[in-house]
Amino acid sequence: MAKILIIEDEAPLAATLAYNIRQEGHEAITAQDGVTGLEAARQGDPDLIVLDLMLPRLDGLEVCRLIRRESDVPIIMLTARSREIDKVVGLEVGADDYVTKPFSMVEMLARIKAALRRSTARDRGDEIVRAGDLEVDTGRHRVTIGGREITLRPREFELLRVLASRRGRVLSRTDLLRRVWGEDEFIDHGTVDKYAED
Ligand code: CA
């Protein structure tokens, strides 16, 4: 169970979010403006914050920036805007994730779950490799795409971990073999092709 702070000035949306979060077994507290939200973040010691971008008194970006000076609590930014620039700025001031309104509650709960999992893993010192929607949790050997867990065989997991952690870089077949199957093991180079075709 986690304590989740919702900073959102649209009362019906805040109430719906709080209701659904409680249904998941978490505790939900709400604040309706930036100043009150910042106060609640400082005093309430939440495990995660859902933070609206457009807020009265103090806007979401500023709230995010101020919280980040004091804490690494996961923050999911919420906004009606969908321009890419807002997403960039939101992540730049330290938000962990970004959800655009309107959103489905299922989607939102999946993001919350994923952010909580990452933060728990971070506390344990595990490495989380992210590439777009893909997340590889090396400590717990779990892979999720868009918050949904997928099942992989150990070699597949290892291959994915290596590829995801080196996204955008070219890996030679030999390099892949060495990283995934180890130095000593003798393997036909066709092995990599097989996994590439799967
Ligand atoms: Ca708002």
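Visitor: What's the secondary structure count for the protein, helices and strands?
Guide: The protein has eight helices and nine strands. Keep in mind that this is a predicted model.

Visitor: How much of the protein is buried?
Guide: Of its 198 residues, 44% are buried. The exposed surface comes to about 11000 Å², and carbon and sulfur atoms supply 48% of that.

Visitor: Metal next. Which protein atoms are donors to the calcium ion?
Guide: Asp9 (OD), Asp52 (OD) and Met54 (O). They lie 2.1 to 2.3 Å from the ion.

Visitor: What spacing do those donors follow along the chain?
Guide: D-x42-D-x1-M.

Visitor: Is Asp52 buried or exposed?
Guide: Asp52 is buried, at 3% relative accessible area. The cut-off for buried is under 20%, so Asp52 qualifies.

Visitor: Switching to charges. How many salt bridges are there?
Guide: The count is 14. One of them pairs Glu8 with Lys101, with the closest N and O atoms 3.1 Å apart.

Visitor: Where do Glu8 and Lys101 lie?
Guide: Glu8 is in the loop between strand 1 (3–7) and helix 1. Lys101 is in the loop between strand 5 (97–100) and helix 5 (105–124). The two parts are 93 residues apart in sequence, so the pair ties them together.

Visitor: What accessibility do the two partners have?
Guide: Glu8 has 0% relative accessibility and counts as buried. Lys101 is buried too, at 15%.

Visitor: Which salt bridge does Arg118 make?
Guide: Arg118 meets Glu135, at 2.4 Å from N to O. This pair links distant parts of the chain, with Arg118 in helix 5 and Glu135 in strand 7 (residues 134–137), 17 residues apart.

Visitor: What does Asp33 pair with?
Guide: Asp33 forms a salt bridge with Arg57, 3.3 Å from N to O. Asp33 sits in the loop between strand 2 (27–31) and helix 2 (34–44), and Arg57 in the loop between strand 3 (48–52) and helix 3 (60–70), so the pair ties together parts 24 residues apart in sequence.

Visitor: Are those ends buried or exposed?
Guide: Asp33 is buried at 11%. Arg57 is exposed at 63%.

Visitor: Helices now. How far does helix 5 reach?
Guide: Helix 5 has 20 residues and reaches 29 Å from its first C-alpha to its last, close to the 28 Å expected. Its buried residues include Met105, Leu109, Ala115 and Arg118.

Visitor: What does Ala115 contact?
Guide: Leu48, Pro74 and Ile76, leaving aside neighbours within four places in sequence. Ala115 is buried, at 2% relative accessible area. The C-alpha atoms of Ala115 and Pro74 are 6.4 Å apart, though 41 residues separate them along the chain.

Visitor: Which residues does Asn20 touch?
Guide: Met105 and Leu109, not counting residues up to four places away. Asn20 lies in helix 1 (residues 11–23). At 19% relative accessibility, Asn20 counts as buried. The threshold is under 20%, so the label holds for Asn20.

Visitor: And helix 6, how many residues?
Guide: Helix 6 (residues 154–165) has 12 residues and reaches 16 Å, close to the 16 Å expected. Buried residues there include Phe157, Leu159 and Val162.

Visitor: Last topic, strands. How do strand 7 and strand 8 run?
Guide: Antiparallel, joined by four bridges. Val136 stands opposite Val143 in strand 8. The two strands form a hairpin with four residues between them, and His141 in the turn has a positive phi of about 55°.

Visitor: What about strand 8 and strand 9?
Guide: Those run antiparallel, with three bridges. Thr144 stands opposite Glu149 in strand 9. Their hairpin has two residues between the strands, and Gly146 takes a positive phi near 55°.

Definitions and conventions:
Residues are numbered from 1 along each chain as its sequence is written. This is a predicted model: local features need pLDDT of at least 70, side-chain atom pairs count only at pLDDT 80 or more; totals for chains, interfaces and linings use all residues. Side-chain values use heavy atoms; hydrogens and water are left out. Donors are N, O and S atoms within 2.8 Å of the metal (3.2 Å for Na, K and Ca); water is not among the atoms, so sites may look incomplete. Buried means under 20% relative accessible area, exposed over 50%, partly exposed in between (1.4 Å probe, protein chains only). Contact means heavy atoms within 4.5 Å. The expected span of a helix is 1.5 Å times one less than its number of residues. A salt bridge is a side-chain nitrogen of Lys or Arg within 4 Å of a carboxyl oxygen of Asp or Glu. Accessible areas come from the Shrake-Rupley method with a 1.4 Å probe; for residues, only the protein chains shown count as cover. Two strands pair if DSSP finds at least two bridges between them.
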